[in-house]
Amino acid sequence: MKILVIMGSPRKGNTYKAVKKIEKFMQSLGDVEFEYLMLKDANLSQCRGCYMCIMEGEDHCPLKEESSVLEQKMHAADGVIFATPVYVMNVSGSMKTFIDHFAYVCHRPRFFDKKALLLSTTGSLGLKRVLDYLKFIVGTWGFEVSHSVGLVIPARQISKRNEQENDRKLEKAALIFYNSIMKKRHSPELIDVLAFHFQKVSFGKPGYTAPADYAYWKEKGWLNPKAKYYVDVPVNPVYNAIGLISEQIMKRKMRKEMAELRK
Ligand SMILES: Cc1cc2nc3c(=O)[nH]c(=O)nc-3n(C[C@H](O)[C@H](O)[C@H](O)COP(=O)(O)O)c2cc1C
């Protein structure tokens, strides 16, 4: 099993050491290979905000060489660990720059056969905010988020008790992540089904949406009225019905907005 670590800390400190412990735990469970992508060494350029990736396609991004290498790395892994310290109540700057390189994947998701483990460390605050943010983003990229783990590591000194508690959390995370990679993708939650239907409306009308988004959604067959989800997994029929109703409500709202704009 191949694991890619996207490391958002600029040093081999708390976050790196926590991932190393996960690596050790996972290697005790089976044949697991870790690759570390240290974002500080990747020297990613800042997104230029040109919108080309979203409107015309990722091949038109002026930074496409940087993004495509990273995207290939994620495709080559069975699971990806997104790891970041809390920096001023958010992900680190290098992690945010990395995420910005994949804005187009939020519109054109693709990592449905991949599992993700989210990890963050903090001196005290911000874990929930950071882990929720990462969960939302990599979820929209198509990853199934197996688990999120957050560790509080006080700057001065960590007590033996807290260290043991953190180790237990890491061992649990390693086990859940390993088992989740061994299993098939699970059925989507209601929120995931709703996201599919909302995106279907947003990206399903040529002329209204970005050409690259429309083409991608059409090619994937996701605009087919019978499409229930991005991938072929059982979808709860109640969730599907709620999704279809929401789709109709949203379509009506969009038609109204378009009519207003034409006035
Ligand atoms: C620039 C910077 C900003 C930070 N912001 C926060 C913060 O908002 N809240 C907090 O509790 N800890 C904050 N911390 C502490 C780190 O989140 C914490 O020490 C983390 O474990 C560092 O991870 P690392 O050793 O992998 O770099 C900050 C640290 C730095 C260097």
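Modeller: A note on terms before we start: domain bounds here come from an automatic or database domain assignment. The model itself is predicted.

Colleague: Understood. Into which domains is the protein chain divided?

Modeller: There is domain 1, covering 2-182, and domain 2, covering 190-262.

Colleague: What distance separates their centres?

Modeller: Taken over C-alpha atoms, the centres of domain 1 and domain 2 are separated by 28 Å.

Colleague: And how many residues of each domain are in contact?

Modeller: Domain 1 contributes nine residues, which are in contact with eight residues of domain 2. On the domain 1 side, the touching residues comprise four nonpolar, three polar and two charged.

Colleague: Let us turn to the ligand. Which residues come nearest?

Modeller: The ligand has 19 residues around it, and Ser9, Gly13, Thr15, Pro85 and Gly123 come nearest. Two elements give two or more residues to this shell, namely helix H1 (14-27) and strand S4 (115-122).

Colleague: Which element gives the most?

Modeller: That is H1, with three residues in the shell around the ligand.

Colleague: How many bridges join S1 and S3?

Modeller: Strand S1 (residues 2-7) and strand S3 (residues 79-85) pair in the parallel sense over five bridges. Within that pairing, isoleucine 3 has glycine 79 of S3 as its bridge partner, and methionine 7 stands opposite alanine 83 in S3.

Colleague: And over how many bridges do S3 and S4 pair?

Modeller: S3 and S4 pair over seven bridges, also in the parallel sense. Here valine 80 stands opposite alanine 116 in S4.

Colleague: Is S3 mostly covered or mostly open?

Modeller: S3 is mostly covered, as seven of its seven residues are buried.

Colleague: Which residues lie on each side of S3?

Modeller: In a regular strand the side chains alternate between the two faces of the sheet. In S3, one side carries Gly79, Ile81, Ala83 and Pro85, the other Val80, Phe82 and Thr84, and all of them are buried. Pro85 is also one of the residues that come nearest to the ligand.

Note on methods. Residues are numbered from 1 along each chain as its sequence is written. This is a predicted model: local features need pLDDT of at least 70, side-chain atom pairs count only at pLDDT 80 or more; totals for chains, interfaces and linings use all residues. Two residues are in contact if their C-beta atoms, placed from the backbone, lie within 7 Å. Ala, Val, Leu, Ile, Met, Phe, Trp, Tyr, Cys and Pro count as nonpolar, Asp, Glu, Lys and Arg as charged, and the others, Gly among them, as polar. A residue is near a molecule or strand if its C-beta atom, placed from the backbone, lies within 6 Å of it. Helices (H or I, at least four residues) and strands (E, at least two) are DSSP runs, numbered from the N terminus. Two strands pair if DSSP finds at least two bridges between them. A residue is buried if 20 or more other C-beta atoms lie within 10 Å of its own, exposed if 12 or fewer, and partly exposed in between; C-beta atoms are placed from the backbone.
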